[in-house]
Amino acid sequence: MGLEFNSKSESKKMKLQTALLDKIKYPKDLKSLNDSQLKTLCRELRNEVVDAVSVTGGHLGAGLGVVELTVAIHSVFNTPKDKLIWDVGHQCYPHKVITGRRNKIRTIRQPGGLYGFTKRSESDYDPFGAAHSSTSISAGLGMAVARDLKKEDHNVICVIGDGAISAGMAYEAMNNAGSMNARLIVILNDNDMSIAPPVGAMSAYLSRLLSTKTFQSARTLAKHMAKKFPKSFQNMAAKADEYVRGMVTGGTLFEELGFFYLGPIDGHNLDHLLPVLRNLEKSKWDGPVFLHVVTKKGYGYEPAEKSEDKYHGVSKFNVVTGEQVKSSSKIPSYTKVFAEALIKQAKKDKSIVAITAAMPSGTGLDLFQKAHPTRTFDVGIAEQHAVTFAAGLASRGMKPYATIYSTFLQRAYDQVVHDVAIQSLPVRFAIDRAGQVGADGATHAGSFDLAYLCTLPNFIVMAPSDENELCNSIATSTIINDKPSAFRYPRGEGVGVQINDQPELWKIGKGRIIQEGSKICILSLGTRLKDSIQASEILASYGLATTVADARFAKPIDQLLITQLARDHEVLLTVEEGSIGGFSAQVMSFLAKSGALDKGLKFRPIFFPDKFINHGKPDQQNIECGVDVDNIVKTALGALGITYPRKISLERA
């Protein structure tokens with residue numbers, strides 16, 4: 001039953017209607033509830049999740065879709081002894097509420113609060129950390145094998161969504177699990193795909209029947225008996241078994257991978273879910289089982305159900321109306337600037353196509369698709385395929401823009417190297433979410449793309465400093481036709497500069513000087529340029545005229561510019577939003593080989609520290625990373641032996 005909120009008073013009253021949920025501290029407390037009470041608990045848990053996310057923002061629709069499944073699994077199985085793995089982990093909010101973290105649920109994705117995905121260090125009920133998709137079955141199989149080698153006795157349950165199961169890694173894992181006949185339970189949370197017959201009472205009944213120990217024992221006995229007969233009879237019996245189960249379940253694909261398929265069943269109906277899960281728990285199934293559960297994303301909260309994206313990721317919102325709090329800023333996001341600039345380029349150049357790996361709205365390609373529907377390709381959660389698909393397009397004279405988050409592009413690094421770089425194919429990589437990303441934390445931070453791309457021969461890597469420069473880098477990429485190129489840009493709003501009607505075409509590998517000084521030079525790459533200019537103003541108060549330069553290119557670096565800067569200044573700083581091994585490593589290598597460091601130049605690189613940064617506010621994260629104004633000033637003065645008295649703390653954010 002869906003939730004309805006008609007007034008603010010009703011919204012407040014909702015918070016108090018959690019009599020059963022108030023008694024649930026951990027999953028063991030669910031064992032005392034009967035099935036009717038579990039249904040009531042689901043309604044209360046859904047209310048709690050809606051109310052909590054309205055305060056914090058975050059992922060909502062996915063969690064609402066698995067409330068009943070979460071309660072059913074934890075009430076039937078013995079977690080945390082039984083290992084429950086949530087693929088991606090963005091649907092884990094209900095799971096967190098009933099696994100000892102309800103008192104912190106309104107801190108989720110907040111600085112110092114709960115992580116927005118599963119995290120091993122946060123709870124024993126999170127046996128595997130996630131945030132990228134399609135890893136659960138591989139991890140679960142590893143846990144199952146470890147269990148058997150250690151002669152332990154517990155279940156391993158993997159819950160994977162229909163989007164995540166589109167990735168090749170999931171099928172690799174299922175193929176391996178099936179060939180090993182591993183004791184593993186995989187639950188497909190099907191909330192979008194149409195891969196099965198209609199869900200109903202008959203399907204639920206058959207799934208319940210097929211999951212019983214009696215049926216499994218009879219089936220095993222039949223197999224043993226069939227082996228006593230000629231091979232032709234064995235083949236006929238196997239085909240008959242496959243035909244009967246395929247006729248009533250539609251799980252032929254998963255059966256071929258070696259799984260025993262059950263379903264589809266209604267994932268919001270505990271009368272269907274509980275008997276099947278109880279049978280699986282009791283039977284200690286010998287091989288891998290695939291349970292197909294059909295759910296509805298955003299289920300039970302009308303605004304989410306009606307929303308086009310089912311409230312996948314939301315800002316703070318009004319519980320009654322579902323209206324989300326919108327930013328009052330008129331500065332466009334980098335993502336939107338990218339999309340609009342690429343749309344303009346595509347109007348002039350019919351060879352431009354755009355590719356996304358299941359993130360059309362996150363990358364802005366939903367806008368591109370509206371303008372150029374036949375030239376937009378969403379390949380699903382399949383970054384490896386996306387990159388090689390783009391390489392194929394480039395090999396035939398098209399201009400593909402593989403638009404992928406920095407942290408997701410890591411998943412296709414072999415394809416970037418082997419299929420793109422070695423062949424010097426002009427794939428254009430639009431790398432969104434470069435740098436720190438705030439509430440999504442370390443799993444989504446774009447910390448490493450500069451390092452892993454700058455090491456590759458034949459690559460051009462750009463990092464625009466503002467939204468106008470982003471448009472310039474896009475225009476420049478259109479004329480790079482003999483090698484791969486990339487341009488990176490952060491999440492969130494631009495700096496508010498005017499965007500020119502006609503973008504500037506950059507000279508490849510050439511930077512620019514923003515202002516000239518004499519003692520210190522700050523060479524900035526990317527969107528730290530604004531902070532570098534602010535730092536120069538503070539340094540001026542010390543009587544230190546400071547040059548600020550914008551590198552534009554992480555590769556190839558502007559050797560003439562760097563030579564000039566090294567010759568004319570006592571101190572040279574590089575500033576970048578990335579890990580060690582990126583832009584500064586290119587500059588340092590050149591300076592060392594050119595002998596500039598032998599002439600007394602004080603070179604100080606500023607980049608992300610050698611650690612993963614927890615989720616928080618982006619400004620706070622940048623301070624922790626040391627790429628903020630204060631640390632630039634402190635580093636510059638420190639090179640000259642001057643102590644910077646300002647207190648550097650997170651309070652600045």
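Trainee: Are Asp-440 and Arg-109 buried or exposed?
Mentor: This is a predicted model, and its side chains of Asp-440 and Arg-109 meet in a salt bridge, 2.5 Å from N to O. Buried means under 20% relative accessible area. Both Asp-440 and Arg-109 are buried.

Trainee: How many residues apart in sequence are the parts that Asp-440 and Arg-109 tie together?
Mentor: Asp-440 lies in the loop between β11 (428–432) and α20 (449–454). Arg-109 sits in the loop between α5 and α6. The pair therefore ties together parts whose separation in sequence is 331 residues.

Trainee: Which residue forms a salt bridge with Glu-48?
Mentor: Side chains of opposite charge can pair when their charged atoms come close. Glu-48 is in helix α2 (residues 35–56). Its partner is in the loop between α5 (93–101) and α6 (136–149), 58 residues apart from Glu-48. The N to O distance is 3.0 Å, and the partner is Arg-106.

Trainee: What separates Glu-302 and Lys-306 in helix α13?
Mentor: Glu-302 forms a salt bridge with Lys-306, with the closest N and O atoms 2.7 Å apart. The two are four residues apart in helix α13 (residues 302–306). The separation is therefore about one helical turn.

Trainee: What does Lys-306 count as, buried or exposed?
Mentor: Glu-302 counts as partly exposed, at 37% relative accessibility. Lys-306 has 65% relative accessibility. The cut-off for exposed is over 50%, so Lys-306 counts as exposed.

Trainee: Which residues join Asp-22 in one network of salt bridges?
Mentor: The count of salt bridges comes to 33. One of them pairs Glu-48 with Arg-106. Bridges that share partners join Asp-22 into one network with Glu-48, Asp-51, Arg-102 and Arg-106.

Trainee: Which residues of β11 point the other way from Arg-428, Ala-430 and Asp-432?
Mentor: In a regular strand the side chains alternate between the two faces of the sheet. In β11, five of five residues are buried. Arg-428, Ala-430 and Asp-432 point one way; pointing the other way are Phe-429 and Ile-431.

Trainee: What is the handedness of the crossing where α14 passes α21?
Mentor: Helix α14 (residues 334–348) packs on helix α21 (residues 467–478) at an angle of about 35 degrees, with axes 9 Å apart. Residues of α14, including Tyr-334, Phe-338 and Leu-342, meet residues of α21, including Leu-470, Ile-474 and Thr-478. The crossing is right-handed.

Trainee: What percentage of the protein's residues count as buried?
Mentor: The protein has 26 helices and 19 strands. Its accessible surface comes to about 27600 Å², of which 53% belongs to carbon and sulfur atoms. Of the 653 residues, the part that counts as buried is 56%.

Conventions. Residues numbered from 1 in each chain as written. Predicted model: local features only at pLDDT ≥ 70, side-chain atom pairs only at ≥ 80, totals over all residues. Heavy atoms only, no water. Salt bridge = Lys/Arg side-chain N within 4 Å of Asp/Glu carboxyl O. Buried < 20%, exposed > 50% of the residue type's maximum accessible area, 1.4 Å probe, protein only. Areas by Shrake-Rupley, 256 points an atom, 1.4 Å probe, with all protein chains shown as cover. Axes fitted to C-alpha atoms, helices over the stretch in contact; angles between N-to-C directions. Left-handed = near helix turned anticlockwise from the far one by under 90°. Contact = heavy atoms within 4.5 Å.
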